[in-house]
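The following report sets out selected structural features of a single model. The sequence and structure are shown first.

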Amino acid sequence: MMAARVRLTFPPELVRQSVIGELVRRFEVMPNIRRADVSEDVGWIVCELDGEPDQVARAVAWMEEIGVDVDHLEHPLES
């Protein structure tokens, strides 16, 4: 298992979408939300993504593909 700490910034067109729910369903990655701020126009979440390394990598790639800005805050932690 691996935990990656990231900051996810959502553009206006994704703020109302269920991106985190889709992330859990598609990639079997469990987000541990540490801090968040969401408004009508923009939203951001700082979270740890827990899961198998390949699933976490695929989840991050998918979020970037759909337009979420993903900033890595720490190196992935193996557990």
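This is a predicted model: local features need pLDDT of at least 70, side-chain atom pairs count only at pLDDT 80 or more; totals for chains, interfaces and linings use all residues.

Helix α1 itself spans residues 19–27, and its buried residues are Val19, Ile20, Glu22, Leu23 and Phe27. These residues lie on the same side of α1, because the arc they cover around the axis is only 160 degrees. In an α-helix, residues three or four places apart point the same way, because each turn takes 3.6 residues.

Glu28 follows α1 and is found in the loop between α1 and β2. Its phi is positive, at about 55 degrees, although Glu28 is not a glycine. With a relative accessible area of 66%, Glu28 is exposed.

## The nonpolar core

The largest nonpolar core of the model comprises 22 residues, and those with the most contacts inside it are Leu8, Phe10, Leu49, Met63 and Val68. At least two residues of this core come from each of β1, α1, β3 and α2.

Phe10 illustrates how separate stretches of the chain meet. When neighbours within four places in sequence are left aside, Phe10 is in contact with Val15, Val19, Ile20, Val42, Gly43, Trp44, Ile45 and Val68.

## Aromatic rings

How many aromatic pairs does the structure hold? There is one aromatic pair. The ring centres of Phe27 and Trp62 are 5.7 Å apart and the ring planes are at 50 degrees, so the pair is classed as tilted. The pair links distant parts of the chain, with Phe27 in helix α1 and Trp62 in helix α2, 35 residues apart. Phe27 counts as buried at 6% relative accessibility, and Trp62 likewise counts as buried at 11%.

A further ring has a charged residue over its face: Arg7 lies over Trp44, at 4.3 Å from the ring centre.

The side chain of Glu48 makes a polar contact of 2.6 Å with the side chain of Arg5. Beyond its neighbours within four places in sequence, Glu48 is in contact with Ala4, Arg5, Met30, Pro31, Asn32 and Arg34.

Glu40 is placed in the loop between β2 and β3 and is exposed, with a relative accessible area of 56%. Not counting residues up to four places away in sequence, Glu40 touches Val15 and Arg16. With Arg16 there is a polar contact between the two side chains, at 2.5 Å.

Arg58 belongs to helix α2 and counts as partly exposed, at 46% relative accessibility. Between C-alpha atoms, Glu40 and Arg58 are 28 Å apart in space, with a separation of 18 residues in sequence. Arg58 and Arg26 are 32 residues apart in sequence, and their C-alpha atoms are 9.7 Å apart in space.

Technical notes:
Residues are numbered from 1 along each chain as its sequence is written. Side-chain values use heavy atoms; hydrogens and water are left out. Buried means under 20% relative accessible area, exposed over 50%, partly exposed in between (1.4 Å probe, protein chains only). Helices (H or I, at least four residues) and strands (E, at least two) are DSSP runs, numbered from the N terminus. The arc is that of the directions from the helix axis to the C-beta atoms. A nonpolar core is a set of buried Ala, Val, Leu, Ile, Met, Phe, Trp, Tyr and Cys residues joined through side-chain atoms within 4.5 Å. Contact means heavy atoms within 4.5 Å. A polar contact is a pair of N or O atoms within 3.5 Å; within protein, one must be able to donate a hydrogen and the other to accept it, and residues adjacent in sequence count only if both atoms are side-chain atoms. Rings of Phe, Tyr and Trp (its six-membered ring) pair if their centres lie within 6.5 Å; planes under 30 degrees apart count as stacked, over 60 as edge-to-face and the rest as tilted. A charge sits over a ring if NZ of Lys or CZ of Arg is within 6 Å of the ring centre and within 35 degrees of the ring normal.
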